[in-house]
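Please consult the sequence and the structure alongside the text.

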Amino acid sequence: MVSADGRASDDTVAALGEFGLIRRMVADRTQPATTLLGPGDDAALVAAPDGRVVATTDVLVSGVHFRLDWSSPEQIGRKAVAVNLADLAAMGAVPTSVLVGLACPGDTSVPLLTELAEGMWAEASRARAGLVGGDVVRAEQLVVSVTALGDLGGRPPVTRAGARPGDILAVCGRLGWAAAGLAVLGRGFRSPVGVVNAQRAPEPPYAAGPAAAVAGATAMIDISDGLLADLGHLAEASGVGLDVRTERLRVDRKLVDVGSALGADPLHWVLTGGEDHALAATFPSFADLPEGWEQIGTVLLPDTGVTVDGSPYERSGGWEHWR
Ligand SMILES: Nc1ncnc2c1ncn2[C@@H]1O[C@H](COP(=O)(O)OP(=O)(O)O)[C@@H](O)[C@H]1O
Ligand SMILES: Cc1ncc(C[n+]2csc(CCOP(=O)(O)OP(=O)(O)O)c2C)c(N)n1
Ligand SMILES: [Mg+2]
Ligand SMILES: [Mg+2]
Ligand SMILES: [Mg+2]
């Protein structure tokens, strides 16, 4: 988008400039009552109804977490916010606000960035959170970094560390869909759109996090890297073993179809696929499971690791950067 005389063409961020871009990204937005000030000053002021703040951040990098030829800017914006709101939900918190760090090359088109902002505002407001501030900087590639703040409503946080032997292991939300979508996109296809859209922008079950907290969940985590990988973090933090029963895992028909089309094992996507941001939690008993939660296994004695039908899983349990 840089013309022959070296000057940026009109619809690039370089031509619009830093403050013009910020104006376009934040103009005419409504905020929830928790946003007391912002965006626009040196920092935002946010109400913390509970008196404590739950805070989390996740960075998304072009080529690593998304591709501009796979996803629309709006989907990338939604995903950047959704992955963070899922981490809040996994603590049992309700989102209050998000802050956005955006880095991009000067020749990035302004419509691309305003659509990206549109997606971030849409996902934030879907969860009744304000977008209260951010930063825009020049970089070699597109990077979207989101920080999200949440409120516990007077409850204790549900950490990764509270699972006890004898607890029920349960999940809420989809498993394997985003991984199936990644496999489809990776082979150059664009359908079926259900799994492809799941990869482009997740739909985490935000309300299930606070609901699990109210129901007495003893530990919780969101599935970003893969069910087995993330259960590994919960097991380690709690000092327990976790056994997943495959007969209890829902392998959706769609995944079976995509699996046979691509010659891939759909159960492997369910066990190790990340990015659907389902929630996994442990509960003292089956009777405690809130609506939408399904038992997938049990919590075992200390140091037995994560097993599948009683045995260690032979393949990698999920995504790990630099591996
Ligand atoms: N650069 C860092 N500095 C401090 N803490 C970090 C950093 N990177 C990750 N963490 C912390 O390590 C833990 C694991 O990170 P991560 O796997 O990204 O969590 P999640 O899957 O919940 O997003 C989190 O508590 C996170 O806040
Ligand atoms: C282009 C592209 N390649 C690969 C993936 C798959 N992928 C990238 S990051 C990731 C795991 C989740 O991201 P991470 O940064 O680890 O989030 P966190 O665990 O910190 O929430 C997966 C499965 C993708 N989404 N897009
Ligand atoms: Mg993270
Ligand atoms: Mg995360
Ligand atoms: Mg990760």
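## Conventions and provenance

Helices (H or I, at least four residues) and strands (E, at least two) are DSSP runs, numbered from the N terminus. The model is predicted: local features need pLDDT of at least 70, side-chain atom pairs count only at pLDDT 80 or more, and totals for chains, interfaces and linings use all residues. Residues are numbered from 1 along each chain as its sequence is written, while chains are lettered from A and ligands numbered from 1 in the order in which they are written.

## Overall architecture

The protein contains ten helices and twelve strands. Its radius of gyration is 21 Å, close to the 20 Å that the globule rule gives for 323 residues, so the protein is as compact as a globular protein of that length. Here the radius of gyration is taken over C-alpha atoms, and the globule rule is 2.2 Å times the number of residues to the power 0.38. The C-alpha trace spans about 65 × 50 × 30 Å along the principal axes.

Of the 323 residues, 47% are buried. A residue is buried if 20 or more other C-beta atoms lie within 10 Å of its own, exposed if 12 or fewer, and partly exposed in between, with C-beta atoms placed from the backbone. Two residues are in contact if their C-beta atoms, likewise placed from the backbone, lie within 7 Å. Among contacts between residues at least 6 apart in sequence, 85% join residues at least 24 apart.

Helix α5 (residues 177-186) is mostly covered, with eight of its ten residues buried. These are Trp177, Ala178, Ala179, Ala180, Gly181, Leu182, Ala183 and Val184. Their cover includes α6 (193-200), α9 (253-262) and α10 (266-272). In α6, the residues Val195, Val196, Ala198, Gln199 and Arg200 are buried, and the buried residues of α6 pack against α3 (73-89), α5 and α9. After α5 comes Gly188, which has a positive phi near 90 degrees.

How are two packed helices described? The description consists of the angle between their axes and the distance between the axes. Axes are lines fitted to C-alpha atoms, for helices over the stretch in contact, and angles run from 0 to 180 degrees between N-to-C directions. For α5 and α9 the angle is about 30 degrees and the axes are 10 Å apart. That makes α5 roughly parallel to α9; angles under 35 degrees count as roughly parallel, over 145 as roughly antiparallel, 65 to 115 as roughly perpendicular and the rest as oblique. Their crossing is left-handed, a term used if the near helix is turned anticlockwise from the far one by less than a right angle, with right-handed used if clockwise. In this contact, Trp177, Ala180, Ala183 and Val184 of α5 meet Leu255, Val258 and Leu262 of α9. By class, the contact of α5 with α9 has seven nonpolar, no polar and no charged residues. Ala, Val, Leu, Ile, Met, Phe, Trp, Tyr, Cys and Pro count as nonpolar, Asp, Glu, Lys and Arg as charged, and the others, Gly among them, as polar.

## The α2–α4 pair

Helix α2 (residues 18-26) packs with helix α4 (residues 110-126) at an angle of about 40 degrees, their axes lying 9 Å apart. The two helices are therefore oblique to each other, and α2 passes α4 in a right-handed crossing. Leu21, Arg24 and Met25 of α2 meet Val110, Leu113, Thr114 and Ala117 of α4. The contact of α2 with α4 comprises five nonpolar, one polar and one charged residues.

## Backbone features in loops

Where are cis peptide bonds found? One joins Gly38 and Pro39, with omega about 0 degrees; Pro39 lies in the loop between β1 (35-37) and β2 (45-46). The bond from Ser191 to Pro192 is cis with omega near 5 degrees, and Pro192 is in the loop between α5 and α6.

His277 is not a glycine, yet has a positive phi of about 55 degrees. This residue is in the loop between α10 and β10 (279-283) and counts as buried, with 25 C-beta neighbours inside 10 Å. Asp303, also not a glycine, has a positive phi of about 60 degrees. Asp303 is in the loop between β11 (294-300) and β12 (306-308) and counts as exposed, with 10 C-beta neighbours inside 10 Å.

Val64 is in the loop between β3 (54-61) and α3. With 11 C-beta neighbours inside 10 Å, Val64 counts as exposed. The C-alpha atoms of Val64 and His321 are separated by 9.0 Å, the two residues being 257 residues apart along the chain.
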